[in-house]
Amino acid sequence: LASTPDPILVMDRAGELLRSNRVADMLLKRDPADSQPLWEVLRSMGIMGNKSASDNQNGSAPQSKGSSETPREITLGTQTYLLRVSPLQRENEGWVLDLNNISALKELDALKTQMLRMASHDLKNPLAVIMGMSEMMMDGLIDVPLAGEQREFVGMIDESARRMLAIINDLLDIERMRAGRLDLATLELRQLHEAITNLIGNAIKYTPECGSIGVTLTPQTDSAQLDVSDTGVGIALDAQAKLFTPFYRIRTLATAHIEGTGLGLSLVKAVIEAHGGKISLESTEGQGTIFHVELPILNAANPALD
């Protein structure tokens with residue numbers, strides 16, 4: 001306890017401090033002789049919410065016995081900490097609080113986010129010019145018409161610029177969802193364009209020309225299930241757990257020629273979960289993949305799903 005840089009606090013069920021290290025005492029500016037219950041100190045600092053000593057004596061603080069509270073961020077002054085609360089190993093006899101200072105990481109994350117937004121927006125303007133000019137050239141809106149090979153080259157420029165724009169838009173969408181700035185609304189399933197387009201686009205990319213792709217929508221009592229299946233290259237079992245991680249791409253001989261950033265499926269998962277749904281998959285390497293999307297539906301019988 002004395003050596004760790006993290007503030008560590010140990011308390012009993014009533015919220016009385018049993019042990020703390022020097023870093024914790026400095027953080028809480030607490031007199032060791034102070035008999036004020038620790039929960040009162042933490043509550044006054046906005047750390048543990050509206051808990052009282054009587055709650056703790058009933059074994060309800062901060063969660064039911066034998067469980068750990070989900071880590072959460074708290075701000076004390078100019079510093080940001082990740083608070084973890086865990087029960088003592090002796091059943092229901094108290095709690096251990098660990099405050100990990102993540103201020104430097106938060107600053108780096110904020111800087112990365114700011115740079116990403118600036119770079120993405122600054123890149124969109126020249127790309128718009130490239131796409132506009134190349135489109136004018138292909139449409140014959142210039143004095144000198146393009147010959148066959150020239151038209152092909154300009155088409156490649158336009159296609160590459162549009163692919164770059166799609167990547168930028170994916171990055172901006174990821175950032176919006178991380179920041180909690182995704183606009184949600186009740187809508188018809190067929191308007192859920194981006195998620196469905198990504199799933200079908202993936203199926204097309206990873207299925208040979210002789211294969212097949214299926215899309216089905218099945219209404220259920222309180223939800224609708226969308227299945228997108230293909231007979232493509234499939235996904236190895238060890239890669240399936242990582243598939244929805246941003247920037248993760250499967251690297252095999254069968255997929256080496258397929259372009260992509262690894263952002264599509266992470267975007268799909270974020271959009272689906274933001275709308276209260278869930279996504280899963282079944283896949284066998286070399287035989288194909290089925291993505292299952294389940295979304296809650298709003299109806300008169302269940303208005304709580306709004």
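Student: Let's take helix α4: which residue with a positive phi follows α4?

Tutor: Happy to, and please keep in mind that this model is predicted. The residue you are after is Gly140, which follows α4 with a positive phi near 75 degrees. Now for the helix itself. Helix α4 covers residues 103–138, 36 residues in all. From its first C-alpha to its last it reaches 52 Å, close to the 52 Å expected at 1.5 Å a residue.

Next, look at which side chains are tucked away. The buried residues of α4 include Ser103, Thr113, Ser120 and Leu127, and Met131, Ser134 and Met138 are buried too.

Lys106 and Glu73 meet through their side chains in a salt bridge, 3.1 Å from N to O. Glu73 lies in strand β3 (residues 69–76) and Lys106 in α4, so this pair ties together parts that are 33 residues apart in sequence. Lys106 is partly exposed, with a relative accessible area of 33%, and Glu73 also counts as partly exposed, at 45%. As for what brings such partners together, side chains of opposite charge can pair when their charged atoms come close.

Terms used:
Residues are numbered from 1 along each chain as its sequence is written. This is a predicted model: local features need pLDDT of at least 70, side-chain atom pairs count only at pLDDT 80 or more; totals for chains, interfaces and linings use all residues. Side-chain values use heavy atoms; hydrogens and water are left out. Helices (H or I, at least four residues) and strands (E, at least two) are DSSP runs, numbered from the N terminus. The expected span of a helix is 1.5 Å times one less than its number of residues. Buried means under 20% relative accessible area, exposed over 50%, partly exposed in between (1.4 Å probe, protein chains only). A salt bridge is a side-chain nitrogen of Lys or Arg within 4 Å of a carboxyl oxygen of Asp or Glu.
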